[in-house]
Amino acid sequence: MLLKKLFPLILMGSLVPNLIIAQHIYPPQVQKWNADELGDQRAVLRWDASTKQAKATVQWRNINIKPDQKLIIIDSLTQKQYEPDAYLNMNEEEGSFVFTPVSGKGIYYVYFLPYQLDKRTNYPTATYLKRTDKSVSKDVGASLASVLRIESVDDFNSNEPMEMIATQKEIDQYKKKNENKIYFVFPEVRDRPIKTNRIPRHWIDDKKNVSVFQGQAERGEFYAFQIGVLPVKTDLKNVKITASSLKNLFGATIESKYFNCINTDGIDYKGEKLELTVNVKQDNLQAFWCGFDIPENTSPGTYKGTVTIQPENAEAQIVKFILSVGGNPVNKGFDEPWKMTRLPWLNSTLAQANTVIKPYTPLQLKGQEISLLGRKVILDASGFPKQIQTFFTPEMTSIGKNANSILNEPIHFVVTGPKANSEKWKTSGIQFTGKEEGKISWTSINTSENLKMQVEGSIEFDGFMDYSVKITALNDIQLQDIAMEIPFAKDKATYMMGLGQKGGYRPESLDWKWDVAKKNQDGAWIGNVNAGIQFSLRDQNYSRPLNTNFYLQKPLILPSSWGNDNKGGVNIREERGEILVNNFSGARSMKKGDELYYNFHLLITPFHPINTEEQWNNRFYHAYKPVDTVKASGANVINIHHGNEINPYINYPFVATKEMKDYITKAHEKGLKVKIYNTIREVSNRMYELYPVKSLGQEVFSTGKGGGYSWLQEHLHDNYIAAWYVPEFKDAAIINSGMNRWHNYYVEGMNWLVNNLGIDGIYLDDVAFDRVTMKRIKRVMTQEGHPGIIDLHSANQYNEKDGFNNSANLYLEHFPYINRLWFGEYFDYNSNSPEFLLTEVSGIPYGLMGEMLQDDGNPWRGMLYGMTSRLGWSEKSNPTHLWKAWDDFGIKGSRMIGYWVNDNPVKTNNPAVLATVYQQDKKVMISLASWAPEDTRVKLKIDWKKLGLDPKNLKMGTPSIKDFQEAKAFDLDEEISIAKNKGCLLIIQ
């Protein structure tokens, strides 16, 4: 009976550790010593001799050891720390040294990778200590100490067994025994991920049979395993891993179509098939992660087949594959991610269908007019917009009937040839190629004497327009310029952000040039509060850059068309009563047949009316606190950041799942919703799939200089970018490279969190994915009536590290699916203009509302936009007093009329003091906020007719609001004192 139980665990002639060993211990283990003082690894020595000095040789088999590495010795009796008397030999295989056993016989600890952390708490770098220059001048007669064991500060830092490397001598012997092989193949279980490009010690064993692999799975489970490939005589080209069907003795079959190798085949984040080329350099070990997706109806039993490793330039090798399938059906095994059961998520197509997402409505096509929620696009025969209209009211609280026409004339391309002659276009007209509820597509062919311009355009239900413009030379030609002109109606181009401009009033003129090495800029937003367009200039080689502190490490790629070796740029001028945006590319020559892609995106804003009721009803608590504490505060949505007991690891909420589920259940019982921090810009080193992802090269982890916290340096080694670190949980994150298959995993993960833990939403801390992934997330989070609350926080991106971009401009493509903006760190609410707060912080011109973070915000100015600070974020950040004032007034159901509305019924006699009105039947709350350079006094100018109120028998005053204002009564025509940078809330009733 015991043999039957052990048989499935027998692999290559040895017992595999208990399968659950791959599950992270949670809560994390208490470390055996302070690693940040001594390092993560040590050898335990015993000294039983009586000589004055001891000699030790430690076979640490650790590739992190350098010849100048310092050792720290601690005497277990006195805890005295000191360095060896002499270093005899130091390399990655072993180290020999002489030391003085200060307490005589006993135990001595040798810490062999000590480091020092710099003072950057959340972005630390571990610097490994170098030894003092010590050597032995003569034989000191030291006796040999015995090495009892090598141990790590905790299990997570352990090098056993896969990072305990084979010695060069062992490798040479193994090569000699297998000298006929061009490359070696090592099948390995999922629980022992291949972590380095070196052979681990436990593979160099005469008893191992590398031609046979045995494993155990359950019905319905994805069973993962590895194939390690090590070329020893030449580089291998285009290695493919395939599998036969698996069969048992009774003829039952697991078909080969259920096999996948994530390294060679997959589906990209857009749902398109990937065929990957994997080349393996000589003497570099490459892990191939493979698996069978066992159907739920598979009959229990033992199945046999083969796995074939086929390089393009070498003979195939075959591994016999034996899989014991148990009788307990499981749902893919997703609840046990430490078994690598979620690897198929990397190739998921979940929620790819372009179905319409609420509150948006299906697209309507009539002739060449396309109508969508609150907007309309009229196409020109060229394929470009002839007119773009919005129908949102100035208050932004509803959709009206009057059209706001954004363009003064059609968007068009101007190509200037020799002698300043413009190419004259003849068009074939529009051909619609796709008519779906969520997307309409078309083409148009435009030709001139020397050029052909093929236009492929599309619009989606949220107002996103995508253009691919291919210009082909029909003859050799010298061009002075290829430009696209966007002619804005002057009254629809009041504000601007982007192209180096902070959000605010549009400058009278602008001259901008490309500088991708330093500037994350390829477009801008121009518009009014209720009508605008964002344009972004791209080509066919566009790759999303890194953002949030890391832009300079992976910047934009200069588009060969628009950029034209930095000859291109954007000019904005007022001409002929319109605001002309001239996107030019400069002089160039084209040979017959040459092609250039002048691609661009348009986003039509706003996306929908602002939802004031959602703003007043959803009150957030931004901290992990007991449910009863949150309930008592008046908040009804809990935002769980990372770095706490139920969401400990950044962007990987799959470890403390029991604790998280229990908390969410309690919150739901109290009528509260729970959102969690989970984004994709970086991911925790605690992710179970870390090494399968690492095996993909730089597909998921961005190329970088490495460094960072000690764990990353010791277990990832190089070619990554170290990101956020949480000392309390020793959580060290790695930067995501951009658009890749981890986004598929992310969508599946969100789906699992909704269906298994019951999360009500997510908190995005900046965004490292595009609108394709955002739409998929919104779909899975709002399935079957789930609320799917998505809030976006961003630090101000307008700085050198972020390429002087604007957060709102950077993330505008995501705004159609966001519920609330939290534009926080480094946003200055006191020194910036109201136009900046309106366009870059409030979200109102795009159909959103927001909250403030930095220094707890400015509550007086925030109220102009319906914004407060974040409860629970700091001791001073306490909007509950304002919430009470809202409720006392009855803000729910009120009509919000912002100061930006030209016919706002309430204004002041000082243009530096602005007023926003909240009207509830015959009662009015007026928010005043000042930008005056000093304390001032103002009078209200009230249009009683517009308010529908009779001023007779009305009273006005300020209610008492703690930390905001004192109670005071005013006559309707009385002057009101307003302090610098502050304001007040007035009630008229």
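Methionine 90 stands opposite glycine 95 in strand S8, where two strands count as paired if DSSP finds at least two bridges between them. This is a predicted model, in which local features need pLDDT of at least 70 and side-chain atom pairs count only at pLDDT 80 or more, while totals for chains, interfaces and linings use all residues. Residues are numbered from 1 along each chain as its sequence is written, and side-chain values use heavy atoms, with hydrogens and water left out. Helices (H or I, at least four residues) and strands (E, at least two) are DSSP runs, numbered from the N terminus.

**The four-stranded sheet**

- S7 and S8 (residues 95-99) pair in the antiparallel sense over four bridges.
- Both strands belong to an open sheet of four strands with the order S7-S8-S4-S12 and mixed pairing.
- The edge strands, S7 (86-90) and S12 (143-144), each pair on one side only.
- Strands of a sheet pair through backbone hydrogen bonds, either parallel or antiparallel.

**Strand S45 and its neighbours**

- S45 pairs in the antiparallel sense with S38 (residues 481-489) over seven bridges, and proline 487 stands opposite leucine 580 of S45.
- S44 also pairs with S45 in the antiparallel sense, over seven bridges, and here valine 570 faces asparagine 583 of S45 as its opposite residue.
- S44 and S45 form a hairpin with two residues between them, and arginine 576 in the turn has a positive phi of about 55°.
- Seven of the seven residues of S45 are buried, a term that means under 20% relative accessible area, with exposed meaning over 50% and partly exposed in between (1.4 Å probe, protein chains only).
- In a regular strand the side chains alternate between the two faces of the sheet.
- Both faces of S45 are covered, with Glu578, Leu580, Asn582 and Phe584 buried on one side and Ile579, Val581 and Asn583 buried on the other.

**Salt bridges**

- The model has 40 salt bridges, each being a side-chain nitrogen of Lys or Arg within 4 Å of a carboxyl oxygen of Asp or Glu.
- One of them joins glutamate 409 and arginine 576 at 3.6 Å, N to O.
- This pair links distant parts of the chain, 167 residues apart: glutamate 409 is in the loop between S30 (399-405) and S31 (412-416), and arginine 576 is in the loop between S44 (569-575) and S45 (578-584).
- Glutamate 409 counts as partly exposed because its relative accessibility is 29%, whereas arginine 576, at 62%, counts as exposed.
- Aspartate 462 and arginine 771 form another salt bridge, at 2.2 Å, N to O.
- Aspartate 462 lies in the loop between S35 (451-460) and S36 (464-473) and arginine 771 lies in helix H10 (residues 771-781), so this pair ties together parts that are 309 residues apart in sequence.
- Aspartate 462 is buried, with a relative accessible area of 0%, and arginine 771 is buried as well, with 3%.
- Glutamate 813 forms a salt bridge with arginine 544, and their closest N and O atoms are 3.1 Å apart.
- Glutamate 813 is in the loop between H11 (807-810) and S57 (820-823), and arginine 544 is in the loop between S43 (531-538) and S44, so the pair ties together parts that are 269 residues apart in sequence.
- Glutamate 813 and arginine 544 are both buried.

**Helix packing**

- H6 (residues 657-669) and H9 (residues 742-757) pack at an angle of about 55°, with their axes 10 Å apart; axes are lines fitted to C-alpha atoms, for helices over the stretch in contact, and angles run from 0 to 180 degrees between N-to-C directions.
- H6 and H9 are therefore oblique to each other, since angles under 35 degrees count as roughly parallel, over 145 as roughly antiparallel, 65 to 115 as roughly perpendicular and the rest as oblique.
- Thr657, Met660, Lys661 and Ile664 of H6 and Trp752, Asn756 and Leu757 of H9 make the contact, which means heavy atoms within 4.5 Å.

**Backbone details**

- Most residues other than glycine have a negative phi, and most peptide bonds are trans.
- A cis peptide bond joins glutamate 160 and proline 161, with omega about -10°.
- Another cis peptide bond joins threonine 605 and proline 606, with omega about 0°.
- Alanine 420, although not a glycine, has a positive phi of about 60°.
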